[in-house]
Amino acid sequence: MTAYWLAQGAGVIAFLIGITTFINRDERRFKLQLAVYSSVIGLHFFLMGAYPAGMSAELNAIRTVISLRTRRLWVMSVFIALTLILGFSKLHHAMELLPIIGTTVSTWALFRCKGLTTRCVMWCSTACWVAHNFWLGSIGGTLIEGSFLIMNGLNIIRFWRMQKRGIDPFKIEKRVQQESPSAR
């Protein structure tokens, strides 16, 4: 029983870390905070015995940090392959496919998408994680991913409205990408 509460405690800590992730308009801060969150929630899943989710979350953390340095197709392909190989190797239930799908989709988004499109694809990925975490009985995981779903959805609407008014909410991101050719 102590291990269960330790696992749930790690999930709550991840919740506290991740709650403001999707508010960031600065892509670098967004990705760094997402990586820290992914690392802690990965620990939570390992403690819960959900190994495909734990592997997916830890790969998310590493992949997110690497996506700050490069957006190369081959790097993205390596992370997708690792997600599929490691995830399927420990798969015991069909619901465990959801974090694998979510990680694959978010990997594609972080390496191939920009701005609002990244947030929209990440929203779909989050929906996979919410369903998985609820099924698993992860209190912190369900709370944080449910919060991500709501917060990211509201920010998608807010950023879309800004764009409709002629305001570019991702101006900082575009400037950084122009200054750093290796990030393409």
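Me: In this predicted model, is Phe111 buried or exposed?
Reply: Phe111 has a relative accessible area of 1%. The cut-off for buried is under 20%. So Phe111 counts as buried.

Me: Is Phe79 buried or exposed?
Reply: The relative accessibility of Phe79 is 7%. Buried means under 20%. That makes Phe79 buried.

Me: How many aromatic pairs are there?
Reply: Rings pair if their centres lie within 6.5 Å. By this rule, the count of aromatic pairs is five.

Me: How are the rings of Phe79 and Phe111 arranged?
Reply: Their centres lie 6.4 Å apart. Their planes meet at 25°. Planes under 30 degrees apart count as stacked. So the pair of Phe79 and Phe111 is stacked.

Me: Which helices hold Phe79 and Phe111?
Reply: The pair links distant parts of the chain, 32 residues apart. Phe79 sits in residues 73-89, helix H4. Phe111 sits in residues 97-112, helix H5.

Me: How does H6 run relative to H7?
Reply: Helix H6 spans residues 115-136 and helix H7 residues 139-164. Their axes are 9 Å apart, at an angle of about 160°. Angles over 145 degrees count as roughly antiparallel. So H6 is roughly antiparallel to H7.

Me: What kinds of residue make the contact of H6 with H7?
Reply: H6 contributes residues including Trp123, Trp129 and Phe134. Among those from H7 are Phe148, Ile156 and Trp160. The contact divides into 13 nonpolar, eight polar and two charged residues.

Me: What is the hand of the crossing where H6 passes H7?
Reply: The two helices pack with their axes 9 Å apart. The crossing of H6 past H7 is left-handed.

Note on methods: Residues numbered from 1 in each chain as written. Predicted model: local features only at pLDDT ≥ 70, side-chain atom pairs only at ≥ 80, totals over all residues. Heavy atoms only, no water. Axes fitted to C-alpha atoms, helices over the stretch in contact; angles between N-to-C directions. Helix = DSSP H or I, 4+ residues; strand = E, 2+ residues; numbered from the N terminus. Parallel < 35°, antiparallel > 145°, perpendicular 65-115°, else oblique. Left-handed = near helix turned anticlockwise from the far one by under 90°. Contact = heavy atoms within 4.5 Å. Nonpolar A, V, L, I, M, F, W, Y, C, P; charged D, E, K, R; others polar. Phe/Tyr/Trp six-rings, centres within 6.5 Å; stacked < 30°, edge-to-face > 60°. Buried < 20%, exposed > 50% of the residue type's maximum accessible area, 1.4 Å probe, protein only.
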